[in-house]
Amino acid sequence: MKKWHIVFDVDKCIGCYTCLLACKDEHVGNNWLPYTDRQQKNDQKWIVMEKTDRGSYPRMDVAYRPRLCNHCGAAPCAANAPGDVIRRDDGVVLLNAARAKDNPKLVDACPYGNISWNDEIGAAQKCTLCAHLLDDGWKEPRCVQSCPLKALRAVRLEDEEFEKLAESKGLEAIIPKSSAPRVYYKNLHRVDKCFVAGEIAYRDNGTEVCAKNADVRLLKDGVETARSKTNAFGDFRFDAIAPGSGGYAIEAEMPGRGSASVSLNVGDASVDVGTVYVE
Ligand code: SF4
Ligand code: SF4
């Protein structure tokens, strides 16, 4: 049977939090039993937006990654709390709302921290993927429907079909594959990898000029691993570099102006090599 999956594109998200507000709008003050009781108004989120800063001024970026229930195919919560979790044929994983009441231990059943405690009603809760809406014919939960950038998508496919999609699009999960998660991320390197950036310039009669369209190469142990061209401001960037991967070299060439190279080390943070002058 086709199962619901969520795909989130880190590159598209601007951190506007509309998805979180839509989740609140749908669930705060609304009792959708037997799916779930109402969500707590404050201090409880079924989607937690995590923000990552990389680099330093002036070459830096900010990325957002939501964390929510993965609606795992091999749900550890179901194994840890027998009888308290409902695994539906369409892939949606729900907590048994009656058994979740006055049951704070259920919060610990998810090893990924995706079950939270509602102080207002005294119950363990989590994302339901708006199953009450899906069962009413909706094609997506409220968070997906509300995203103005289409950073979130709901995909209903057989697990094998989804695996092929994930492989062809480079989608990654943030929890172990052994749990068979159904929430996947695109462009996750914006969160868990480093970039190397800088600017290429040359001197022309005492004036510093941005080297537009210069060739820039990234080398590891003398072997080219990536190449790029500078933009109109002479800027370049190589992304998706493993943290802690050590020494690299940047080689730049501007036809008619000369070449330059610089060594760098990638530790646990992105690297700005500053302005490199070709001569
Ligand atoms: S993410 Fe946690 S709560 Fe959600 S299905 Fe997986 S184990 Fe259960
Ligand atoms: S609504 Fe879309 S763009 Fe806004 S924070 Fe959520 S996922 Fe990101």
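Visitor: How do the residues of the shell around ligand 2 divide into nonpolar, polar and charged?
Guide: This is a predicted model, to begin with. The shell around ligand 2 has eleven nonpolar residues, two polar and no charged.

Visitor: Which residues come nearest to ligand 2?
Guide: Cys13, Cys16, Tyr17, Cys19 and Cys147, out of 13 residues around ligand 2.

Visitor: And which residues are around ligand 1?
Guide: Among them are Cys69, Cys72, Cys77 and Cys110. His71, Asn70, Asn114 and Lys126 also belong to that shell. By class, the shell around ligand 1 has eight nonpolar residues, three polar and one charged.

Visitor: Switching to pockets. What volume does the largest pocket have?
Guide: About 250 Å³.

Visitor: Where does the largest share of its lining come from?
Guide: From helix H6, residues 159-169, which gives five residues. The lining includes Asp159, Phe162 and Glu163, and also His5 and Tyr184. Overall, the lining of the largest pocket divides into six nonpolar residues, one polar and five charged.

Visitor: What does the domain assignment give?
Guide: Domain 1 covers 3-190 and domain 2 covers 194-277. Their centres, taken over C-alpha atoms, are 39 Å apart.

Visitor: How many residues are in contact between domain 1 and domain 2?
Guide: Nine residues of domain 1 with twelve of domain 2. The area buried between the two domains is about 720 Å², and carbon and sulfur atoms give 46% of that.

Visitor: Which residues in domain 1 lose the most area to domain 2?
Guide: Arg54, Arg59 and His189, together 76% of what that side buries.

Key:
Residues numbered from 1 in each chain as written. Chains lettered and ligands numbered in written order. Predicted model: local features only at pLDDT ≥ 70, side-chain atom pairs only at ≥ 80, totals over all residues. Heavy atoms only, no water. Near = heavy atom within 4 Å. Nonpolar A, V, L, I, M, F, W, Y, C, P; charged D, E, K, R; others polar. 1 Å grid on protein atoms, 1.4 Å probe; cavity = no way out; pocket = protein on both sides within 12 Å on 5 of 7 lines; lining within 4 Å. Points joined across faces, edges and corners; volume = space filled by probe spheres on them. Helix = DSSP H or I, 4+ residues; strand = E, 2+ residues; numbered from the N terminus. Domains from an automatic or database assignment. Contact = heavy atoms within 4.5 Å. Buried area = accessible area lost by both parts, 1.4 Å probe.
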